[in-house]
Amino acid sequence: MNELQFTKIKDADGFIAALDQSGGSTPKALKLYGIQDDSYSSDEEMFDLVHAMRTRIITNASFSGERILGAILFEQTMDRQIEGLLSADYLWNVKNIVSFLKVDKGLHDEVNGAQLMNPLPGLDAVLARALDNGIFGTKMRSLILLDNAAGIHAIVNQQFEISRQILATGLVPIIEPEIDIHSPSKSEAERMLKASLLEQLDSLNADQHVMLKLTLPEIDDFYAELVAHPNVLRVLALSGGYSRAEANARLARQPGVVASFSRALTEGLTAQQSDEEFTATLEESISSIFRASTT
C-alpha cells in the first residue's frame, strides 16, 4: 500500500471524483455531455469518445489534488493513457490524485427489495492488474430499493465478503450500497443499512480499512458512527440523481462526509463548450463540491 496515498485519503481536505461510467451508463453520460448516439457506430468509438471526455476533465487545471483526493476509474480508463502516461500514473504523478477502480459488473435482478452485484469472475486477475497499474483501491455498487431486512443484509454480506478478498491484495475497497433516493421507505432503509454496516465493520481486523460510499441521508449527521469507526478510512456521499445544488446542500449538513459525485460533478459540461466555457463550468462544479465536502 502507498502510505502517502493512504494518508491523503484519510486526512486531506477534498472529495472523490467518480469518473467510472461503464458500458451500460456510457451512452447516457455522453448524451449529457452533448454527444448523441448517432455520433458513434461501435463500442470502440463510444469508449474513445468517453475517454476523450474524461481526459478533458482530468487534464484541466481546475482538476487537481489540491481539492480532489481521488478519482474512480472504469477498467478501460485504467488501461488507457493520458498525455503519454497510464491514467493512474498521470493522476498521481502529475495531479497528486489517488486512483480507484470500479470492479463490479452491474446489478442482479431485484430480490427482497435489493439488487445484489452480478458475479465477479476473474476478480483476482483484475486486482493484480490494478496493482500493476498503480491503483490504490476499488469500488463496488449495489442498490437498495426498499426497507427489506433480508435484502439489505444480503447486500452488505456480499459487499464485505468480496471486500475481504480485495483487502487481502493490499487494495482498499469502497463499499457502495446505494439506497434509491426515490425509495418510499428511504429513512427506514438507511437505519437498517447503518446497523448492518456497523455489524460487519466490527468484525474486521484492526489493520483492515474500508471506505463507504452512501446515499445522502434524510437525517443530518446520520452516519456519524460510521465516520468515527476505526476501520473506516473515509465516508463518501453519492449524488444519486440529486442535482448538484441539492446534493451539495445535503452534503454540507453531514460532518466528516465528503462527496464522490459522478453526474453532479460533470453537470453542465458539454463537448461543444469552448475551453474557457468548459473550464469555468468545471471550476464552479469543483469549487462548490469542495466547499460542501469541507463544511
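How many nonpolar, polar and charged residues are in the lining of the largest pocket? I opened the notebook with that one, keeping in mind that this is a predicted model.

**Entry 1: the pocket**

I sorted the lining of the largest pocket by class and got 11 nonpolar, 14 polar and 13 charged residues. Next I looked up the volume of this pocket, which comes to about 920 Å³. Its lining is made up of 38 residues. I wanted to know who sits nearest the centre, and the names are Gln 21, Ser 25, Arg 141, Ser 262 and Arg 263. Then I checked which elements give two or more residues to the lining: they are the helices α2 (26–32) and α11 (263–266), along with the strands β7 (137–144), β8 (172–179) and β11 (257–261).

**Entry 2: α7 with α8**

On to helix packing, where I note two things for a pair: the angle between the axes and the distance between them. Helix α7 spans residues 149–167 and helix α8 residues 186–201; I find them packed at an angle of about 35°, with axes 10 Å apart. The crossing of α7 past α8 is right-handed. From α7 the contact takes Ala 149, Ile 152, His 153, Val 156, Asn 157, Phe 160 and Arg 164. From α8 I listed Ala 189, Met 192, Leu 193, Ser 196, Leu 197, Gln 200 and Leu 201. Sorted by class, this contact has 9 nonpolar, 4 polar and 1 charged residues.

**Entry 3: α6 with α7**

I stayed with α7 and turned to its meeting with helix α6 (residues 123–132). The two axes come within 10 Å and cross at roughly 45°, and α6 and α7 are therefore oblique to each other. Here too I noted the hand: α6 passes α7 in a right-handed crossing. Leu 123, Asp 124 and Leu 127 of α6 make the contact with Ile 162, Gln 165 and Ile 166 of α7. I count 4 nonpolar, 1 polar and 1 charged residues in this contact by class.

**Entry 4: α10 with α12**

Helix α10 (residues 244–251) and helix α12 (residues 275–293) have axes that come within 8 Å and cross at roughly 20°. Angles under 35 degrees count as roughly parallel, so α10 is roughly parallel to α12. I recorded a left-handed crossing for α10 past α12. Which residues meet here? Arg 244, Asn 248 and Leu 251 come from α10, and they meet Ser 285, Ser 288, Ile 289, Ala 292 and Ser 293 of α12. By class, the contact of α10 with α12 has 3 nonpolar, 4 polar and 1 charged residues.

Note on methods: Residues are numbered from 1 along each chain as its sequence is written. This is a predicted model: local features need pLDDT of at least 70, side-chain atom pairs count only at pLDDT 80 or more; totals for chains, interfaces and linings use all residues. Side-chain values use heavy atoms; hydrogens and water are left out. Axes are lines fitted to C-alpha atoms, for helices over the stretch in contact, and angles run from 0 to 180 degrees between N-to-C directions. Helices (H or I, at least four residues) and strands (E, at least two) are DSSP runs, numbered from the N terminus. Angles under 35 degrees count as roughly parallel, over 145 as roughly antiparallel, 65 to 115 as roughly perpendicular and the rest as oblique. A crossing is left-handed if the near helix is turned anticlockwise from the far one by less than a right angle, and right-handed if clockwise. Contact means heavy atoms within 4.5 Å. Ala, Val, Leu, Ile, Met, Phe, Trp, Tyr, Cys and Pro count as nonpolar, Asp, Glu, Lys and Arg as charged, and the others, Gly among them, as polar. On a 1 Å grid over the protein atoms alone, a cavity is a set of points where a 1.4 Å probe fits but cannot get out, and a pocket is an open set with protein on both sides within 12 Å along at least five of seven lines; lining residues have an atom within 4 Å of a point. Grid points are joined across faces, edges and corners, and a volume is the space filled by probe spheres set on the points.
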